[in-house]
Amino acid sequence: MTTGNRWSVRPPLIVGAITLGMIGVLAIAMLAFHVAAAFATPACSDDFTGPSGGLWSVAGNWTSASDSSTHALPGNLDVACLGGATVIIGSGTAEADSVQGQGGGIELQGGSLTLHSTTNASTLASLSIDDAAELSAPLTTTVTVTGNIEWGSCPSCNSGQTVSATIDQTGGPTGSLEIDGPGTGIAGPTLAAGSITTDSPVAITNAEFLIDGTSSLTTTSTMTLGSAVQLDGDSSQATFSAAGLILPTGTAGFGPASVALTGGTTTIGQNTTLQAGAITLSAGVLDDDGGLQEAPGASQSLRITGGTLKGQGNMQGPVTNVSGTVTPGDAAPGTLTMSGSYTQDAGGTLDIGVGASHFGLLQVDGAVSVSGTLDAELGSYTPEQGQTWVVLTSLTSFSGTFSLSGTGSAAVAPVYGPRNVELEAVAPTNPTTTGTTTTTGTTTGTTGTSTDTTASGSSTTGGAGSGTGTTGGSGSTGTTPPPATGCILPRGRITATAVGPLTLGETRARARATITRYTSGPGGVDYFCLDGAKDIEAGYPSTTLLRKLPKVTARHLAGRIVLALTTEPFYSLDGIHAGSKLSAAIKRLDLGKPVAKTGADSWYLTRTGRLSRGVVEARGRLIAKVGIADRLLASGSTGSQRKFVRSFGSNA
């Protein structure tokens with residue numbers, strides 16, 4: 001019997017499997033070779049063998065990689081390798097397929113360098129572009145610089161340097177990208193096409209630097225603008241991007257170009273103005289304590305998709321808060337002003353800090369439309385019932401509502417007016433206590449029961465005793481009698497939009513619900529009762545006053561407070577209150593001549609005010625009343641101001 005060979009079982013299948021396996025291995029190996037070849041550094045065809053600092057244009061400085069006896073300048077198909085040297089291009093035209101620095105770099109002092117490859121990247125350790133030089137490369141390839149980049153200008157040749165390439169600098173925090181030179185009216189450096197991306201800090205001190213077309217300059221580090229650098233010639237389609245800007249005192253900016261802020265902190269300090277086109281804040285902090293303005297010929301806007309806008313400065317253009325945070329003020333709440341419109345989307349937050357004597361205020365000249373969150377941060381502050389803070393105002397119109405959040409926000413509620421939002425304390429946070437006090441007069445009174453209630457700016461009020469003794473028991477800190485029924489104790493202060501509890505723009509019905517004891521006088525005036533026979537007057541506009549306004553605005557103001565005055569010395573207008581000397585008011589408030597006289601009274605309007613104008617009524621040499629008036633109605637010529645004041649004396 002013949003013994004069978006173990007390899008004789010299905011030999012065709014086994015051989016076929018081995019054959020296919022070998023083909024697969026070969027295919028993978030070939031694919032890996034091609035992938036590696038695609039990313040490998042191209043082979044050198046010309047080596048720079050001259051000294052470091054030698055000229056590109058000297059043929060003897062080059063040696064053919066395939067024939068050491070051949071010396072010729074690289075051509076458009078050659079891969080030029082620098083061998084670690086710094087090679088100078090001083091004039092003429094230099095070209096290559098690509099350049100491999102091998103630790104060396106290029107210094108363009110004139111002439112041009114053109115790289116032709118659409119597949120081979122170039123790598124340099126440093127790049128310097130000065131005088132009238134040009135660098136160009138296909139945008140599909142990258143010129144990588146592992147060290148510093150310096151880009152200057154030529155004071156004597158009246159021409160700048162043009163770059164048309166995709167440059168990627170990987171110098172990191174120890175590297176630098178400097179765009180410098182005198183910038184005194186001569187042609188400056190120009191990024192004509194392409195982009196520069198870096199992780200190094202960028203410093204721009206040449207005011208003639210220009211980004212054209214849709215080109216971009218991007219750093220994941222900071223970008224510093226030198227003194228008086230205004231890049232007015234930039235394209236409106238160009239983009240600067242940085243993780244924070246460092247700005248000089250004075251006016252500086254990017255012309256009509258767009259600016260993207262991707263992190264860090266950008267501070268627009270006092271006496272500083274930043275000019276730009278469209279700005280996007282996606283991360284980090286934009287702290288505006290100076291001014292953010294549109295550049296000449298630009299349309300400035302701010303879009304917040306992340307990060308925080310804060311400060312006490314002002315800004316032009318529409319502001320759209322998509323999903324970031326707006327916080328008026330710096331370390332403490334303050335006023336942030338916008339001369340354009342403000343829109344807050346569902347993902348945005350308006351963060352308002354609230355305290356006893358200060359609060360955040362977003363002051364907007366244009367239309368306001370909101371949704372999203374109102375973060376009312378009271379912290380440990382405990383408000384009194386009925387206390388109010390105006391936190392958002394508009395000179396034009398307001399629409400929308402907020403969702404309320406924040407530490408202590410349960411003690412307040414938003415109140416929406418036609419052109420503002422205020423927070424009002426909805427419940428007392430200090431529990432009332434009942435004490436027993438004995439009152440005495442010419443005869444002995446009986447024991448009375450006192451409920452202690454604290455009011456802002458006033459003493460604690462005791463209860464009424466019975467008998468013929470002195471009215472009112474002693475509270476914990478004072479002996480002021482309680483207000484008459486329906487009257488209120490003075491509270492709050494005079495702000496740009498409010499006199500105590502009454503706010504410009506609120507309806508007559510709401511004002512009467514706030515202070516239930518009042519009398520109506522001629523000329524559309526309500527006199528609301530404060531304790532001590534003093535009062536707050538609220539004036540409502542006549543049809544004659546409203547005729548000069550646009551119909552939409554007139555409808556908003558009809559039946560709403562446009563003038564608020566008080567005789568209560570508790571309230572002051574920048575330190576001036578009822579009883580102050582007229583001479584002090586004229587000096588402190590910079591008052592001009594009176595705009596009107598009504599009987600023995602002289603009326604003055606303060607010269608300034610974004611949301612309102614201060615109002616002072618003088619009787620002889622003393623101030624009788626102070627308050628505020630709606631800016632739209634109380635502005636214009638002296639005649640218009642006189643008509644405004646006098647309209648509240650007759651039912652016009």
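How many of the residues in the protein chain reach a pLDDT of 70 or more? Here are my notes on that and a few other things.

1. **Confidence overall.** The answer is 80%, and the mean pLDDT of the protein chain is 81. (pLDDT is the predictor's confidence in each residue, from 0 to 100.) Keep in mind that this is a predicted model, where local features need pLDDT of at least 70, side-chain atom pairs count only at pLDDT 80 or more, and totals for chains, interfaces and linings use all residues. Residues are numbered from 1 along each chain as its sequence is written, and side-chain values use heavy atoms, with hydrogens and water left out.

2. **Best and worst spots.** Strand β3 (residues 79–81) has the highest confidence, at a mean of 98, while strand β45 (residues 444–452) has the lowest, at 34. The labels are DSSP runs numbered from the N terminus: helices are H or I with at least four residues, strands E with at least two. Over residues 1–20 the pLDDT is below 50, and this stretch has one contact beyond near neighbours in sequence. (A contact means heavy atoms within 4.5 Å.) Residues 25–39 also stay under 50, with zero contacts beyond four places in sequence.

3. **First disulfide.** The count comes to two disulfides, where a disulfide is a pair of cysteine sulfur atoms within 2.5 Å. One of them joins C44 to C81, with 1.9 Å from S to S. The torsion about its S-S bond is about -90°, so this disulfide is left-handed. C44 sits in the loop between α1 (11–39) and β1 (46–48), and C81 in strand β3, so to speak a link between distant parts of the chain, 37 residues apart. C44 is partly exposed at 29% relative accessibility, whereas C81 is buried at 1%. (Buried means under 20% relative accessible area, exposed over 50%, partly exposed in between, with a 1.4 Å probe and protein chains only.)

4. C487 lies in the loop between β45 and β46 (498–499), and C529 is in strand β49 (residues 525–529), so the pair ties together parts that are 42 residues apart in sequence. Both cysteines, C487 and C529, are buried.

5. **One side of a helix.** Take a look at helix α6 (residues 638–646), where Q641, F644 and V645 are buried. They cover an arc of only 95° around the axis, which puts them on the same side of α6. (The arc is that of the directions from the helix axis to the C-beta atoms.) As background, an α-helix has 3.6 residues a turn, so residues three or four places apart point the same way. The buried residues of α6 pack against several elements, including α3 (543–546), β51 (563–566) and β55 (622–630).

6. **Parallel strands.** Strand β30 (residues 314–315) runs parallel to strand β33 (residues 335–338), joined by two bridges. Strands pair if DSSP finds at least two bridges between them. M315 stands opposite M338 in β33. On to the next pair: four bridges join β33 to strand β36 (residues 361–364), again parallel, and T335 has L361 in β36 as its bridge partner.

7. **Positive phi.** Most residues other than glycine have a negative phi. Q102, though, has a phi near 50°, and this residue lies in the loop between β6 (98–100) and β7 (105–108). D574 also has a phi near 50°.
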